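Morning, everyone. I have one structure to walk through today. Please have a look at it first.

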Amino acid sequence: DMSKCPIVIVNNISKTYPIYNKPIDRLKEAIHPFRKKFHTDKVVLNNISFELFEGEVIGILGRNGAGKSTLLKIITGIINPTSGEFTVNGNMASLLELGAGFDFELTGIENIYLNSALNGINEKEVDEKLTEIINFADIGEYINQPVKNYSSGMFARLAFATAVHFIPDILIIDEALSVGDVFFQQKCNTFIKKHLKHTTVILVTHDMHTVSKMAN
């Protein structure tokens, strides 16, 4: 029974970055005959483990530099963990770095098609959902303008609308909504609750209110 299978498994994930005081130290270390260390290790993540099942929403809180984004970047495959492993069962939509998968020279509509294609969604599916996406993003005439003319708020609206309308198995949101206004955040939260009941959500935020409303 699939529903009893975890959708995301994170197993003892750690991430350590070497910190060099001076750029030359990196070179010294590389050529040192006895492998002398010229760096200190900064531990960003220390043995993180959790399992998430279908439809669960996990909220990740922590101050800047606590490693929240690092964890998400590992789960989405942008960076590798130093140790540990993880499994992701399903297709993933992530709103990590607003702008990943967008071409700033293209219009909003063209970007909806481009972004969807990058996520393996065909043109016909986009045709069917296009009106819904445009209405949800609610950025008016700007939808026909190049994305480079957008404010960060408009951009967030378009990115979110595009990501969630094809019902991903896993949705990863990193503070992406914080650039939108309060009404738009509300609209997003409502959409997730109503339409993404079976989607497993990983939510990184500073906002306790959002976490208390969304996460279980």
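How far apart are Asp25 and Lys28 in helix α1, in residues and in helical turns? They are 3 residues apart in helix α1, residues 23-31, and that puts about one helical turn between them. Keep in mind that this is a predicted model.

Now the contact itself. The side chains of Asp25 and Lys28 form a salt bridge, 3.7 Å from N to O. Are the two partners buried or exposed? Asp25 counts as buried because its relative accessible area is 6%, under the 20% cut-off. Lys28 is partly exposed, at 34%.

On to a second bridge within a helix. Lys124 pairs with Glu128, with 3.0 Å between the closest N and O atoms. These two sit 4 residues apart in helix α4, so about one helical turn separates them. Both Lys124 and Glu128 are exposed. Back to Asp25 and Lys28 for a moment: salt bridges with shared partners tie them and Lys22 into one network.

How many salt bridges does the structure hold? The count is 6.

One of them is Glu105 with Lys148, at 2.9 Å between the closest N and O atoms. This pair joins distant parts of the chain, 43 residues apart. Glu105 is in the loop between β5 and α3. Lys148 is in the loop between α4 and α5. Glu105 is exposed, with a relative accessible area of 54%. Lys148 is partly exposed, at 48%.

Next, a serine. Ser14 lies in strand β1, residues 8-19. At 9% relative accessibility, Ser14 is buried. What does the side chain of Ser14 reach? It reaches the backbone nitrogen of Asn47, at 2.8 Å. Beyond its neighbours in sequence, up to four places away, Ser14 touches residues including Leu45, Pro81 and Thr82.

Now the whole chain. There are 7 helices and 7 strands. From the N terminus, the order is β-α-β-β-α-β-β-α-α-α-β-α-β-α. The C-alpha atoms fill a box of roughly 65 × 45 × 35 Å along the principal axes. Of the 216 residues, 40% are buried. Among contacts with a separation of 6 or more, 71% come from residues 24 or more positions apart.

Last, surface and charge. The chain exposes about 11900 Å², and carbon and sulfur atoms supply 54% of that. There are 21 positive and 24 negative side chains. The centres of those two sets lie 10 Å apart.

Technical notes: Residues numbered from 1 in each chain as written. Predicted model: local features only at pLDDT ≥ 70, side-chain atom pairs only at ≥ 80, totals over all residues. Heavy atoms only, no water. Buried < 20%, exposed > 50% of the residue type's maximum accessible area, 1.4 Å probe, protein only. Polar contact = N/O pair within 3.5 Å; in protein donor to acceptor, adjacent residues only side chain to side chain. Contact = heavy atoms within 4.5 Å. Areas by Shrake-Rupley, 256 points an atom, 1.4 Å probe, with all protein chains shown as cover. Lys, Arg positive; Asp, Glu negative; His and termini not counted. Charge placed at Lys NZ, Arg CZ, Asp CG, Glu CD. Salt bridge = Lys/Arg side-chain N within 4 Å of Asp/Glu carboxyl O.
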